[in-house]
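Subject: The two-chain model, and what turned up in it

Hi there,

Here is the structure I promised to pass on to you. Please open it next to this email and follow along as you read.

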Amino acid sequence: MLVVSRKPGERLRIGESIEVTILAVRGEQVSLGISAPREVPIHRQELFERIRRENCRAATLKPEEISAMGACLRAAFGEPTEITITTPKPAQ
Amino acid sequence: MSAPAERLASTCAVVSFATGGEPGGRDGVPRMLESRRFGWLEVYPDQVLLFPHGLLGFEELREFCIVAPEALQPLTFLVACDVPDVAFPILPAHSCLADYSPQLSMDALETVGAVGVGEVKLLAICAVASDTMTLHANLRGPILINPTTRRGYQAVLHESAYSLRHLLGAA
């Protein structure tokens, strides 16, 4: 890991298109300003990790959890979906 | 364990985003996807959504379709076209929380080719907590879909009170 010491107002450049500015240091907190191209997503690491974990959990539900989902849904909803289904799957 | 999967497979429809086309007269060659949960899915180009950044943790998967098993309405599944066993259960975010109004960045809207929030559908990924068998929706990382451009994006709400595990109901 590269370690760089910077003062408030100073900048770092990462590659050709990412610029990080140290805006302020107050006690334990550092404020950073980041300029990056739109296609580079920037996330706080801990929130990124939590959403990633939730995604992984949701993508790998077991059959019994899907069944439980049906029961939960019946308890929670009585309304139809917002998305209109226009194309039924043709019979195989 | 195969019983629920078979039941789902017999009544699954793939959601279409075609605008103005005649029913039955669609263009393009369908892709046949096989998934453990839904069986064979016939997916036409107008049913494919492009997620330019993928989803968090699944950045390499860019193309998705939405599968709607009749038995689980209003729940649908965001199914990865390249790995159809990767399927995210999703609900319209407003059916999870009626007054849901997240602050979406211009970047998020631009990624799906939208100018305003009114052009996008907001969806929440759902999951069951296996210990408590309760259903939760992720309102902190909502899915944006622009049906017109057929583009999607998972937004991350940094400064937000919305929950990552918004409780919807118990089994």
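The contact between the chains takes 41 residues from chain A and 51 residues from chain B; two residues are in contact if their C-beta atoms, placed from the backbone, lie within 7 Å. On the chain B side, strand β9 (residues 134-146) gives the largest share, five residues. Helices (H or I, at least four residues) and strands (E, at least two) are DSSP runs, numbered from the N terminus. By type, the chain B side divides into 35 nonpolar, 12 polar and four charged residues. Here Ala, Val, Leu, Ile, Met, Phe, Trp, Tyr, Cys and Pro count as nonpolar, Asp, Glu, Lys and Arg as charged, and the others, Gly among them, as polar.

Before you go further, please note that this is a predicted model: local features need pLDDT of at least 70, side-chain atom pairs count only at pLDDT 80 or more, and totals for chains, interfaces and linings use all residues. Residues are numbered from 1 along each chain as its sequence is written, and chains are lettered from A and ligands numbered from 1 in the order in which they are written.

Next, look at helix α2 of chain A, residues 63-76. Its 14 residues should span 20 Å at 1.5 Å a residue, and the end C-alpha atoms are 20 Å apart, which agrees; the expected span is 1.5 Å times one less than the number of residues. Which residues of α2(A) are buried? They are E65(A), I66(A), A68(A), M69(A), C72(A) and L73(A). A residue is buried if 20 or more other C-beta atoms lie within 10 Å of its own, exposed if 12 or fewer, and partly exposed in between, with C-beta atoms placed from the backbone. Seen down the axis of α2(A), the buried residues fall within an arc of 155 degrees (taken from the directions from the helix axis to the C-beta atoms), so they line one face of the helix.

Leaving aside neighbours within four places in sequence, M69(A) is in contact with L72(B), L75(B), P89(B), V128(B) and L135(B). M69(A) is also among the residues that touch the most other members of the largest nonpolar core, which has 61 residues; V67(B) and L144(B) are included too. Such a core is a set of buried Ala, Val, Leu, Ile, Met, Phe, Trp, Tyr and Cys residues joined through C-beta atoms within 7 Å. Strand β8 of chain B (residues 121-129) gives the most to this core, seven residues.

Chain B as a whole comes to three helices and 11 strands. Buried residues make up 42% of its 171 residues. Of the contacts in chain B with a separation of 6 or more, 59% are between residues 24 or more positions apart.

Finally, some loop details in chain B. The peptide bond from Q73(B) to P74(B) is cis, with omega near 5 degrees, and P74(B) sits in the loop between β5 (63-69) and β6 (76-80). M133(B), in the loop between β8 and β9, has a positive phi near 50 degrees, in a residue other than glycine. Is M133(B) buried or partly exposed? M133(B) counts as partly exposed, because it has 16 C-beta neighbours inside 10 Å. R150(B) lies in the loop between β9 and β10 and has a positive phi of about 55 degrees although it is not a glycine. With 20 C-beta neighbours inside 10 Å, R150(B) counts as buried.

Happy exploring!
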